[in-house]
Amino acid sequence: SKPKVFVTRRIPDAGIDLLAQTAEVTVNPEDRTLSRAELLAAVADCQGVIGLLTERIDAEFFDAAPQLKGYANYAVGYDNIDVAEATRRAIPVSNTPGVLTDATAECAWALLFAAARRVVEADRVMRSGDWQGWGPLQFLGQGVRGKTLGIVGAGRIGTAMALMSRGFDMPVLYTSSSGRRNAVLEDRLDARLVPFETLLAEADFISIHAPLTPDTRHLFNAAAFARMKPTACLVNTSRGPVIKEDDLVQALKDGVIAGAGLDVFEREPAMADGLAGLENAVVLPHIGSATIESRTDMATLAARNMLAMLAGQRPETCLNPDLFAAPAGRTWT
Ligand code: GLV
Ligand code: GLV
């Protein structure tokens with residue numbers, strides 16, 4: 001009989017069609033995220049699960065799915081997965097890197113420009129009927145060309161975001177948690193690897209592309225904002241908890257920094273108190289990867305990963321590849 005795969009939320013058909021050639025696929029019929037109890041009940045007899053960044057994939061989840069041969073995250077970020085626990089149980093897990101790199105980098109630029117040029121605030125005034133005609137001092141923002149761009153987390157997405165700055169002649173600074181240099185950024189942009197404090201002090205625009213880990217949680221807090229320029233704008237398309245959101249609200253209120261463009265939040269779908277009322281914050285509902293192309297490619301990549309795991313093979317983009325490192329019975333020494 002065909003293996004059973006549960007998909008926790010409807011994804012583009014291309015992925016479902018691919019899975020359905022080999023597996024018996026059930027898709028959550030509701031247009032909403034499942035409750036924890038619904039999720040745990042739905043996976044009870046499944047060999048495979050494709051899930052979302054909003055679902056916690058941990059010991060309790062694995063206990064609820066005793067036949068599981070693999071879990072495929074429909075996201076590049078995987079802070080929702082206890083990878084160590086999956087590995088202990090010899091269950092492969094995968095994510096969707098690469099296919100959403102440009103979409104997310106472009107979203108960061110949309111937020112950068114929206115924050116710099118006060119696009120959303122100005123749009124609101126236009127719609128309100130309050131605009132009385134052109135004025136020399138209306139909606140003055142920050143210029144972008146020639147300003148310094150700071151990339152926190154120069155992985156795939158951070159690198160793509162930085163490369164897109166070439167038309168704007170921006171000096172680029174970046175940080176690296178591993179301390180490793182990014183040869184692409186250094187060769188193509190003369191980017192400089194700097195300590196975090198230097199990036200905070202020198203960048204005019206800071207774009208966050210670091211994964212959420214214990215080291216990056218609340219990396220941007222009141223102390224960090226105090227080191228930034230009062231004209232600086234902060235952009236976040238990674239994970240909300242990298243910013244201490246209450247501290248950001250205070251910094252934006254007090255003019256400690258000039259603006260923020262946020263696609264992600266500390267307690268999604270909620271925003272910190274006061275954030276919704278701030279004109280110098282642009283806020284998006286976590287749409288970084290939301291292009292037709294990217295979401296379709298995420299669906300087919302997640303499906304290919306799932307099919308590989310059901311066949312006992314290493315998925316293309318595996319988060320615990322050591323499970324497949326040495327064939328059983330052999331050791332590599
Ligand atoms: C989205 O946030 C993702 O990690 O893919
Ligand atoms: C990290 O997840 C990246 O793709 O940059």
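Q: What makes V76, P97, T101, G155, R156, I157, G158, H209 and P211 the surroundings of ligand 2?
A: In this predicted model, a residue is taken to be near a molecule if its C-beta atom, placed from the backbone, lies within 6 Å of it, and V76, P97, T101, G155, R156, I157, G158, H209 and P211 are the residues that surround ligand 2. Helix 7 (residues 156-163) gives the most to this shell, with three residues.

Q: How many residues of each class does the shell around ligand 2 have, and what makes a residue count as charged?
A: The shell around ligand 2 has four nonpolar, four polar and one charged residues. Asp, Glu, Lys and Arg count as charged, so R156 belongs to that class.

Q: Why is L34 called buried?
A: A residue is buried if 20 or more other C-beta atoms lie within 10 Å of its own, and L34, with 20 such atoms within 10 Å, is therefore called buried. The place of L34 is in the loop between strand 2 (24-27) and helix 2 (36-42).

Q: Why are strand 9 (residues 205-208) and strand 10 (residues 233-236) said to pair?
A: Two strands pair if at least two bridges are found between them, and four bridges join strand 9 to strand 10, so the two strands pair. They run parallel, and the bridge partner of I206 in strand 10 is L234.

Q: What makes strand 8 (192-193) and strand 12 (281-283) edge strands?
A: The open sheet of seven strands has the order 8-7-6-9-10-11-12, and strand 8 and strand 12 are its edge strands, each pairing on one side only.

Conventions:
Residues numbered from 1 in each chain as written. Chains lettered and ligands numbered in written order. Predicted model: local features only at pLDDT ≥ 70, side-chain atom pairs only at ≥ 80, totals over all residues. Buried ≥ 20, exposed ≤ 12 C-beta atoms within 10 Å, placed from the backbone.
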